[in-house]
Amino acid sequence: MDDIQKKLALPSKASREDIIGRIVSYSCIAAIIILVISILYFITSRGLATFLTDHVNLWQFLTGKDWNPGSLNAQGKPQVGALPMIVTSFSVTILSALVATPFAIAVALFMTDIAPKSGTKFLQPVIELLVGIPSVVYGFIGLTVVVPVIRNLFGGTGAGILAGTIVLFVMVLPTITSLAVDALRAVPAYFRSASLALGATRFQTIYKVLLRAAMPRLLTAVIFGMARAFGEALAVQMVIGNAVLMPHNLITPTSTLTSQLTTNIGNTIMGTLPNNALWSLALILLLMSLVFNLLVRYIGKRGEIKS
Amino acid sequence: MQVYDLNKNHIVTPPGEIALSTNQLQVNYGNSKQASMVDASLSFPRFQITALIGASGSGKSTYLRSLNRMNDRIATVHGEIMYHNTNINSPKVNVYEVRKHIGMVFQKPNPFAKSITENITFALKAAGITNRQELRQRVETSLKEAALWDEVKDDLNKSALALSGGQQQRLCIARSIAMKPDILLLDEPASALDPISTAKLEVTLKELAKNYTIIIVTHNMQQASRVSSYTAFFHLGHVIEYDQTETIFQTPNIQATHDYVTGNFG
Amino acid sequence: MTPNQTDRLATRFIQFLVLIVVLILLFLLGDIIISGLPHISWHFLTSPASSFSAGGGIRDQLFNSLYLLVLTLIISFPLALGSAIYLSEYAGDNWFTSLIRTAIEVLSSLPSVVVGLFGYLLFVIEFHLGFSILSGAIALTFFNLPLLIRSIEGSLHAVPNSQREAGIALGLSNWRTIRGILLPMALPGILTGIILSAGRIFGEAAALIYTAGQSAPILDYTNWNPTASSSFLNPMRPAETLAVHIWKVNTEGVTPDAVSISAGSSAVLIIIILLFNFGARAIGNRMYKKMTGGK
């Protein structure tokens, strides 16, 4: 056996290095998996306690309109109707996405098709700055600017779905915009040139070709925006009014899932029904974020541009 | 495209010492059932240049990359690669040692984003050579062998990315031979270079063949005929003919080879 | 209307919407800076907060934010780096990898309040860490990990494959190739990613309210013993950050000058985050130039 033959058969420093590398990176990834599983497990088990330990009826929880977990209702059952918060959460989410989407697509189109060079150079930092502003600052401005304006215009306290929507609109705008830019940039250039070469105007090209080709990814962008809006806690909590009442219009104080959680989880005692009921709200938030995630995947799979 | 009988072949075994040989090598990329390379059995003579020629997609690069296990992550390779009485295609073999002894230079020059010196010393240090004197010696020798020394000896600390394409490629050769390999695999090393750099590279290769066994994949038939002593012709994943370069280019035994070297192909 | 007229009208409409977005940003920044700057003074930055009387500062909150940021990065960067290396260099194209990617996506889409509550449940209560900087840093790590992993993986991915091949063809181990060749090349991108995530950490509040807590005990900046309860370095003490402070003074409504304190704090927060953003860009560009030899 010659020297080289021996070397080929035996492990060397490099083989040992690679084992170390594998151990290091595999353990990091294992930590992440354990983390995600334990988040899912802990929130779920806490959130289910309301139904399993306290025997609250799931249907009543989801459709009941009275939220006062500390006290019992006429039938001697705890008042844990989460419907007002669910309705409010969905309202602010959908409304803010509806308002933000046209703006987001306009900004994205401006950056990709109307003024690609100067538009990108100028608007990219605008979007990054909007992302960078912390949510408490949005909340603070909502509280000091938006709420008083609404109060002066419509009366009442000013807090409510409208204020929440306005604040969330600005917060989800950059999320939707930057994803919409990616969506439009992913449309191959020859889609544009083919349409323009047929004599279509730029608007016709945008409307009939671009937006259609990019539709699945634009939808994904909007869903990401909605996910952010749905999960946002503090900014909304600061302007929504935090009264657990069924919203009758856009300007009465009400409460979202997140705002109820942040306001009260510190005021309840672990293991009691009021506390468990709040964890059930957290579970709804968790499940909704999984739903948004699945939606994005589903649309993404169906809508890949085949080219 | 004319259809040739792919199973008709003419393969010789060179006389003298054999540095590396393959036995029925078959390569499948990813999970593909379709083999990109079948049944390649070739022997490479020591201290000679062997050229692998053939059209794009003929499997010559795939074959070359299998020789030092560069395809490990992307393909499954069946068959034997014999080197020093060891089948280096076995998973038990220390693949890092294989690559130390069988170096490789790629199509596009790929120097590290480091200085010229560091490009060469990085792998040496990793291999445990720490003596400064020896490191400096190896840098100088390998750069001289790669015919780059005179051009860069005054700015060895300059970024390798500031060199010209031809210089970068010769640096990559120097980087490989600084590891003192036995065999040097070159995957179309001149395809990204201008004619002058190519000519320089060919001279360098001929010089290197005194101390190294060289296997070179090339698109350029003139290049194959200029530098190599043996040539293998690949077609659609099969080795069609392997013989002395002169025979391949002047009196090939197989029709497909004849058509390819005379340019009557496809 | 002719198509050309429609075209012109549509373009005008898009420009109008863009203009509104830009005005919103200008209004936001202007409002924060204009209403905030007058309240920023040396006194504001260097005196402790007071809950029930006017004139409190933000010294401890500011320090807590920075300390928490550093601790979070110390915990999350190695984890994110290891995971990103796994995903970019070791992961095969199989169900396991896509499971991991899904897990990371789920983590990134979780609302930060849920992440915070998980931290509260597990670390504050189960592990008895209490409201502490450490609990906060761990919660922020969860919240920060997916983003950091994605940006590091992206930077590694951007390194040309030919560099990997160059490394392993020399007989280097994958690990050595990653450490010695790929990471240095990916460094500008990684740094930019870290700084941008620092901005996010700095402004995050929801994940902290129930982990790092909402109280800022008086700190002793001369006590360098991290185990002493009054020491500013003690990671086991509760720590209200700047962002949490803004939230708290506004929702509790017991501080008489809540609005001016929030305005000043918001301005400080925004200025620091702006610095992070510009810093990220500048460092990224500079290192990129240096690496490519000025070409």
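Helix axes here are lines fitted to C-alpha atoms over the stretch in contact, with angles running from 0 to 180 degrees between N-to-C directions. The model is predicted, with residues numbered from 1 along each chain as its sequence is written, and chains lettered from A and ligands numbered from 1 in the order in which they are written. Local features need pLDDT of at least 70, side-chain atom pairs count only at pLDDT 80 or more, totals for chains, interfaces and linings use all residues, and side-chain values use heavy atoms, leaving out hydrogens and water.

Let's start where chains A and C cross. H9(A), residues 202–231, packs on H1(C), residues 3–36, at about 75°, and their axes sit 7 Å apart. That angle makes the pair roughly perpendicular (65 to 115 degrees). H9(A) brings Arg202(A), Phe203(A) and Gln204(A) to the contact (heavy atoms within 4.5 Å), while H1(C) brings Pro3(C), Thr6(C), Asp7(C), Ala10(C) and Thr11(C). By class, that's 3 nonpolar, 3 polar and 2 charged residues.

Chain C itself has 10 helices and 0 strands (DSSP runs: H or I of at least four residues, E of at least two). Its C-alpha trace spans about 70 × 70 × 40 Å along the principal axes.

Over in chain A, an automatic or database assignment gives domain 1 (11–79) and domain 2 (83–302). Their C-alpha centres are 25 Å apart, and 20 residues of domain 1 touch 21 of domain 2.

Now for the second largest pocket. A pocket is an open set of 1 Å grid points where a 1.4 Å probe fits, with protein on both sides within 12 Å along at least five of seven lines; lining residues have an atom within 4 Å of a point. This one is lined by 40 residues, with Asp72(B), Arg73(B), Glu89(C), Ile168(C) and Asn174(C) nearest its centre. The lining splits into 17 nonpolar, 11 polar and 12 charged residues. H2(A) gives the most, with 5 residues. These helices each supply at least two lining residues:

| Helix | Span |
|---|---|
| H2(A) | residues 13–52 |
| H2(B) | residues 95–101 |
| H3(C) | residues 59–90 |
| H7(C) | residues 161–169 |
| H8(C) | residues 174–203 |

Notes. Nonpolar A, V, L, I, M, F, W, Y, C, P; charged D, E, K, R; others polar. Parallel < 35°, antiparallel > 145°, perpendicular 65-115°, else oblique.
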